[in-house]
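Q: Could you take a close look at how the side chains pack and pair in this model? I'd enjoy one connected walk through it.

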Amino acid sequence: MHDRLAERFEAHRPALRAVAYRMLGSPGETDDAVQEAWLRLTRHGPAGIDDLKAWLRTVVARICLDMLRARTSRREEPYGWHSPVQTGDGDPETEAVLIESVGRAMLVVLDALGPAERVAFVLHDVFAVPFDQIAPIVERTPATAKKLASRARRRVRGADRTALTPGRPAVLRGAGPVAREMQLFGRRARYAGPALIGGTVGAVVAPHGRLLLALAVTVHDGRVTGYEMIADPARLTALHITVP
């Protein structure tokens, strides 16, 4: 009986890791959450579980919610916390697929959400879980769970609005305008740090560990010939960002 239950659990493990990783953003914590779900399943047993996939997803979501709340209550994680680290017994290829399926930048955007918002948003918008199933997980009514996901969705989609100062043009040309803009950028770039953007030198701005924008620099013949500030969450998700 135990072997059969283990086989059924292993069949759902990839899906459970996908859910947990989008909520936690850390391969190590993801594996901890999935392992805790297995322990709870062994304690509960298969009796009374009509839909094992839905039951496990609910358990993992609750575990992740508790972990997110604990993380928030302990301290704010420093910039770079989300950079995945290899677990001791992890498969590098599997970890890479998991990481790239979400995108490092999007995980930072999600980290700006509160625990309940993040859980509601991930379950509904990513995995199409109905709100009547999300509600007991986040300890809210279905209507309130819907509001949590809606609020999270607006914050995720609007994350790039803070990067461009109102009234400033989206495109600048010429040494003078670009130099003046870079001076302004320098004054407010307290949280900027060097990074490789798609293998090219650049910078990222991430106040308190939350990525706002990436600065991609174009260099030709040893001179900077242009740059682009990227703050749209969809584009940030697609970028390959390496922080030294």
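A: Happy to! Contact here means heavy atoms within 4.5 Å. Keep in mind that this is a predicted model.

With that cut-off, let's start at Leu41. Leaving aside its neighbours within four places in sequence, Leu41 is in contact with Leu5, Phe9, Ile49, Leu52, Trp55 and Leu56. Leu41 also belongs to the largest nonpolar core, which has 41 residues; Phe9, Met23, Leu41, Val119, Leu123 and Ile134 are the members that touch the most others. Several helices build this core: α1, α2, α3, α6, α7 (131-138) and α8 each supply at least two residues. Helix α3 gives the largest share, nine residues. A second, separate core has seven residues, among them Ala195, Ile197, Ala214 and Ile241.

A pair of aromatic rings is described by the distance of the centres and the angle of the planes. Searching the whole structure turns up one aromatic pair. Its partners are Phe9 and Trp38, in a tilted arrangement with 5.2 Å from centre to centre and 50 degrees between the planes. This pair links distant parts of the chain, with Phe9 in helix α1 and Trp38 in helix α2, 29 residues apart. Both Phe9 and Trp38 are buried.

Now for the charged side chains. Side chains of opposite charge can pair when their charged atoms come close. The count for this model is nine salt bridges.

One of them is between Arg4 and Glu7, whose closest N and O atoms are 3.6 Å apart. Both residues sit in helix α1 (residues 2-24), three residues apart, about one turn of the helix. Arg4 and Glu7 are both exposed.

Another salt bridge joins Glu29 and Arg71, at 2.5 Å from N to O. Here the pair links distant parts of the chain: Glu29 lies in helix α2 (residues 27-44) and Arg71 in helix α3 (residues 52-74), 42 residues apart. Why does Arg71 count as buried? Arg71 has a relative accessible area of 5%, and buried means under 20%.

Glu117 and Arg151 form a salt bridge too, with 2.5 Å between the closest N and O atoms. This pair also links distant parts of the chain, from Glu117 in helix α6 (residues 115-126) to Arg151 in helix α8 (residues 142-157), 34 residues apart. What about the cover on each partner? Glu117 is buried because its relative accessible area is 7%, under the 20% limit. Arg151 has 37% relative accessibility, so Arg151 counts as partly exposed, a class that lies between 20% and 50%.

Salt bridges can be followed through three residues as well: Glu36, Arg40 and Arg43 are linked in a network of them.

Let's finish on the surface. Leu196, Val201 and Val219 form a nonpolar patch there, with about 230 Å² of accessible area together. Val219 is placed in strand β3 (residues 213-220).

Definitions and conventions. Residues are numbered from 1 along each chain as its sequence is written. This is a predicted model: local features need pLDDT of at least 70, side-chain atom pairs count only at pLDDT 80 or more; totals for chains, interfaces and linings use all residues. Side-chain values use heavy atoms; hydrogens and water are left out. A salt bridge is a side-chain nitrogen of Lys or Arg within 4 Å of a carboxyl oxygen of Asp or Glu. Helices (H or I, at least four residues) and strands (E, at least two) are DSSP runs, numbered from the N terminus. Buried means under 20% relative accessible area, exposed over 50%, partly exposed in between (1.4 Å probe, protein chains only). Patches are made of residues with over 30% relative accessible area and no salt bridge: like charges are joined within 9 Å, nonpolar side chains (Val, Leu, Ile, Met, Phe, Trp, Tyr) within 5 Å. Accessible areas come from the Shrake-Rupley method with a 1.4 Å probe; for residues, only the protein chains shown count as cover. Rings of Phe, Tyr and Trp (its six-membered ring) pair if their centres lie within 6.5 Å; planes under 30 degrees apart count as stacked, over 60 as edge-to-face and the rest as tilted. A nonpolar core is a set of buried Ala, Val, Leu, Ile, Met, Phe, Trp, Tyr and Cys residues joined through side-chain atoms within 4.5 Å.
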